[in-house]
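Me: I'm new to reading protein models. Could you walk me through a few features, step by step?

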Amino acid sequence: MRYALIGCGRISPNHIAAAKANKLEFTGICDIDTEMLQDKVSKFDLKGVRQYTDYHEMLKKEKPELVAIATESGKHAAIALDCIEAGCNVIIEKPIALSLEDADAIIRAAKEKKVKVCASHQNRFNKSVQKIREAMENGRFGRMFYGTAHIRWCRNENYYTQAKWRGTWEQDGGALMNQCIHNIDLLRWMMGDEVEEVTGITDQLNHPYIQAEDLGIALIKFKNGSYGIVEGTTDIYPKNLEETLYLFGEKGTVKAGGQSVNRIEEWRFADEAEKPEDVIAEFAENPPNVYGFGHTPLYADMIDAIQQDREPYINGEAGKRALELVLAIYQSAAEKRSVKLPLERCSTMDFQGRFEAGR
């Protein structure tokens, strides 16, 4: 399968490794920053892969069947729509877009062109998460009471000066949209996906050089009667502390932790189907960074979805749901009221100037 990558930034090594592991025919790689492009070509021995600074030219010349989009968030939608128009299946790094209108446009265009869209929420493929999901689908939790997602990370000024788009409303959003959306996605997915109402608070406590929030807290009411709590921040000193997901049900309690919810730390079920210590030992991974090991199985699933003409495990609709929940928290915080879902329209650009008064 002919494959191309657009974007050679921080997350691109995971895409390159996943493409290689799945034995894709790597035909083209593109970035407007030639230094960044050459760095990835050199580090990952991609000298035989044709290099481009214009993805339109790459699409025309290489005619890839599958394209991964790993640029700054604000460019995901426009590039995805161009790739889809060219007949390409696409893997889009999170978030799928920065507005609901753009997410809908991507989903609609893919259906019209009969191509597949995969949202890169790769933590769904963590061994730990897959084990929890199996328990959820088998009804082992009983009635779900509530779940919580905690993302307690550190991002200093150097992180933002490395890439000027970070922390801007036009190209990124804040801690919830960039750093926390993976765990927010997992919480929504595990708790039944259907959200009734969101109440959120966001603030900028320690990053006056960005436009968006560095702290977000939200209470979520799901349509099945359960609740969710989100706590996400980039204010933790002096380095990342944890990313954890708790799920509390009538007959089960689970805690997943580690750098990217890659370890099961608590496993308690009324059915006692297995020993907790065995589950904790077996379903644990130790990735070198917060991105985990999920890209390789995500790619494998996408390739199979294309070949079998089925929906990917994490499709465009899943990407839209994660985006919608973050935007709902933003809207609730900005308007100081609870917000009902589904949202009809919303974009990060709606919140420009949100924290400027406090500077």
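Me: How many disulfides does the count come to?

Reply: A disulfide is a pair of cysteine sulfur atoms within 2.5 Å. By this rule the count here is zero. For Cys-180, the nearest cysteine sulfur belongs to Cys-154 and is 13 Å away. For Cys-346, the nearest is that of Cys-180, 17 Å away. Before we go on: this is a predicted model, where local features need pLDDT of at least 70, side-chain atom pairs count only at pLDDT 80 or more, and totals for chains, interfaces and linings use all residues. Residues are numbered from 1 along each chain as its sequence is written, and side-chain values use heavy atoms, leaving out hydrogens and water.

Me: Is Cys-180 buried or exposed?

Reply: Buried means under 20% relative accessible area, exposed over 50%, and partly exposed in between (1.4 Å probe, protein chains only). Cys-180 has 0% relative accessibility, so it counts as buried. Cys-346, at 1%, is buried too.

Me: And how do α4 and α5 pack?

Reply: Two packed helices are described by the angle between their axes and the distance between the axes. Helices are DSSP runs (H or I, at least four residues), numbered from the N terminus. Axes are lines fitted to C-alpha atoms over the stretch in contact, with angles from 0 to 180 degrees between N-to-C directions. Helix α4 (residues 76-85) and helix α5 (residues 100-113) pack at about 10°, their axes 9 Å apart. Angles under 35 degrees count as roughly parallel, so α4 and α5 are roughly parallel to each other.

Key
Helix = DSSP H or I, 4+ residues; strand = E, 2+ residues; numbered from the N terminus. Parallel < 35°, antiparallel > 145°, perpendicular 65-115°, else oblique.
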